[in-house]
Amino acid sequence: MSQLLQGEFDINTIELNANGFKNSRTIMGDLTEMKESIINNGLINPPIVYHTTDDGGNSRYILLAGYRRFQAITDHRNALIEENGDAEGWFDTIKCSVFEGTFDEALALNISENLQREDLNFADKAEAINRLVERVGNQSDVAAMLNISQPNVSQMVSVYTGLCRDALEALRHGNITLSVAKKLSKIRLNDGSPNVIRQSEILDEIFNKDIDVPEEEQRKRAKTFRSKKEFEELRTILATNEELSVDSGHRASLN
């Protein structure tokens, strides 16, 4: 990517999480040190914004990279406003690098900038890459756009699409390891969707007994994700309702 031009913008005109762009990092973390660094040393690394236009031809600037820096700045601005009634001129405007490429190129930049962060967790990486694959439609093209290998893209997509919501959040928050998540993501139904019931059972065993996931798991029927209470109710319904299509062996195990 060539050197980006820079511009200075009213900070209130910068849009976040708009037009399909979002911060890949769902857990922002402690911004105290970053905030203090910006207060003491200024903004050394400007954020990157994407220049586009609305239906009326008016310019819009959407944040692509630098979410933590932007958040640290706005947090301190809000603290000043709350304490003094205004931000005292602190970052009323902000210098940003401006990306002028296509939408897909901007989306790839939005994701690749986040992938370079060492503390970005695997669940966030996998979710961001899967989002780009769904838009572009080809894993090899996405690999080239992000400058990573196609097998790496394939693995992240496989983990993201193979985990039930509870398992994905457990990975995101560090409650299970990547190794466990990879094994869980292989426990699917015949249509390729996550086997929610079996994955939830294994997660419950992991959290309560600290065991690993078995290497081989049989595919069983499942419904969509439920809370733990709803999950227990679902098990009862599956076990006792004869009108539901549940094989006799699985019904016996639920009982």
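1. Helices here are DSSP runs (H or I) of at least four residues, numbered from the N terminus. Helix α7 covers residues 165–172. After α7 comes G174, a residue with a positive phi, near 75°. Within α7, the buried residues include A167, L168, A170 and L171, and R172 is buried as well. As background, an α-helix has 3.6 residues a turn, so residues three or four places apart point the same way.

2. This is a predicted model, and confidence should be read along with the geometry. Mean pLDDT for the protein is 81, with 79% of the residues at 70 or more. Residues 217–226 have pLDDT below 50, yet in the model this stretch has 29 contacts beyond near neighbours in sequence.

3. The largest nonpolar core consists of 45 residues. I129 and L184 have the most contacts inside this core. Helix α4 (residues 122–136) supplies the largest share of the core, with 7 residues. There is also a second, separate core of 17 residues; among them are I14, L63, I73 and L80.

4. R60 belongs to strand β4, which runs over residues 59–65. Is R60 buried or exposed? R60 counts as buried because its relative accessibility is 19%, and the cut-off for buried is under 20%. The side chain of R60 makes a polar contact with the side chain of E15, at 2.6 Å. If neighbours within four places in sequence are left aside, R60 is in contact with E15, A18 and N19, and also with Y50, H51, T52, T53 and D54.

5. F91 has a positive phi, near 55°, and is a residue other than glycine. Where is F91 placed? F91 lies in the loop between α2 (67–84) and β5 (93–99). With 18% relative accessibility, F91 counts as buried, since the limit is under 20%.

6. N147 is another residue to check by its backbone angle. Its phi is positive, near 60°, and N147 is a residue other than glycine. N147 sits in the loop between α5 (139–146) and α6 (150–162). Is N147 buried or exposed? The relative accessibility of N147 is 71%, so N147 counts as exposed; the cut-off for exposed is over 50%.

7. F91 and N147 are each in a loop, F91 between α2 and β5 and N147 between α5 and α6. F91 is buried, whereas N147 is exposed.

Notes: Residues numbered from 1 in each chain as written. Predicted model: local features only at pLDDT ≥ 70, side-chain atom pairs only at ≥ 80, totals over all residues. Heavy atoms only, no water. Core = buried A, V, L, I, M, F, W, Y, C linked by side-chain atoms within 4.5 Å. Buried < 20%, exposed > 50% of the residue type's maximum accessible area, 1.4 Å probe, protein only. Helix = DSSP H or I, 4+ residues; strand = E, 2+ residues; numbered from the N terminus. Polar contact = N/O pair within 3.5 Å; in protein donor to acceptor, adjacent residues only side chain to side chain. Contact = heavy atoms within 4.5 Å. pLDDT = per-residue confidence, 0-100.
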